[in-house]
Amino acid sequence: MSLCNNKLTLVIVNSICCISQVKEKDTAWFVKFCVPWCKHCKNLGSLWEDLGTAMEGQDEIEVGEVDCGASKSVCSKVDIHSYPTFKVFYEGEEVAKYQGELNSPTSD
């Protein structure tokens, strides 16, 4: 999956080039920054993909993900120091960062 071909609901942002495209697009981007070995990232399970599917067809917001293990320069550029980190971007500017706790989803 790649932002450059933008064919899938959940967009994997994996290069500075693609981050530039996020900046140029006239929509908000809700992006998860993660690494494969992160316990909290793994505990999200399919929730992030489910969010991408739920947002399909919405022109106002795109859902993306960056693997900071594979895209260290992207994560460094947007000041990522812990995982997962969730940020909202609009017209290339960070407008919000999740500041809450990292609780695992519970099952009923």
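Close-up 1. A disulfide is counted where a pair of cysteine sulfur atoms lies within 2.5 Å. Cys-34 is buried at 7% relative accessibility, and Cys-41 is buried at 8%. Buried means under 20% relative accessible area, exposed over 50%, and partly exposed in between, with a 1.4 Å probe and protein chains only. This is a predicted model, in which local features need pLDDT of at least 70 and side-chain atom pairs count only at pLDDT 80 or more, while totals for chains, interfaces and linings use all residues. Residues are numbered from 1 along each chain as its sequence is written, and side-chain values use heavy atoms, with hydrogens and water left out.

**Close-up 2. The disulfide between Cys-68 and Cys-75.** The structure holds one disulfide. Its sulfur atoms, in Cys-68 and Cys-75, are 2.0 Å apart. The torsion about this S-S bond is about -85 degrees, so the disulfide is left-handed. Cys-68 and Cys-75 are both buried.

**Close-up 3. The salt bridge between Glu-65 and Lys-32.** Side chains of opposite charge can pair when their charged atoms come close. A salt bridge is counted where a side-chain nitrogen of Lys or Arg is within 4 Å of a carboxyl oxygen of Asp or Glu. The structure holds two of them. In this one, the N to O distance between Lys-32 and Glu-65 is 3.3 Å. The pair links distant parts of the chain, 33 residues apart: Lys-32 lies in strand β2 (residues 28-34) and Glu-65 in strand β3 (residues 61-67). Strands (E, at least two residues) are DSSP runs, numbered from the N terminus. Both Lys-32 and Glu-65 are buried.

**Close-up 4. The salt bridge between Lys-87 and Glu-94.** The closest N and O atoms of Lys-87 and Glu-94 are 2.7 Å apart. Lys-87 is buried, with a relative accessible area of 2%, whereas Glu-94 is partly exposed at 40% relative accessibility.

**Close-up 5. Strand β4 and the strands it pairs with, β2 and β5.** Two strands pair if DSSP finds at least two bridges between them. β4 (residues 85-90) runs antiparallel to β2, and six bridges join the two. Here Val-31 stands opposite Lys-87 of β4. Four bridges join β4 to β5 (residues 93-97), also antiparallel. Tyr-90 stands opposite Glu-93 in β5. β4 and β5 form a hairpin with two residues between them, and Glu-91 in the turn has a positive phi of about 50 degrees.
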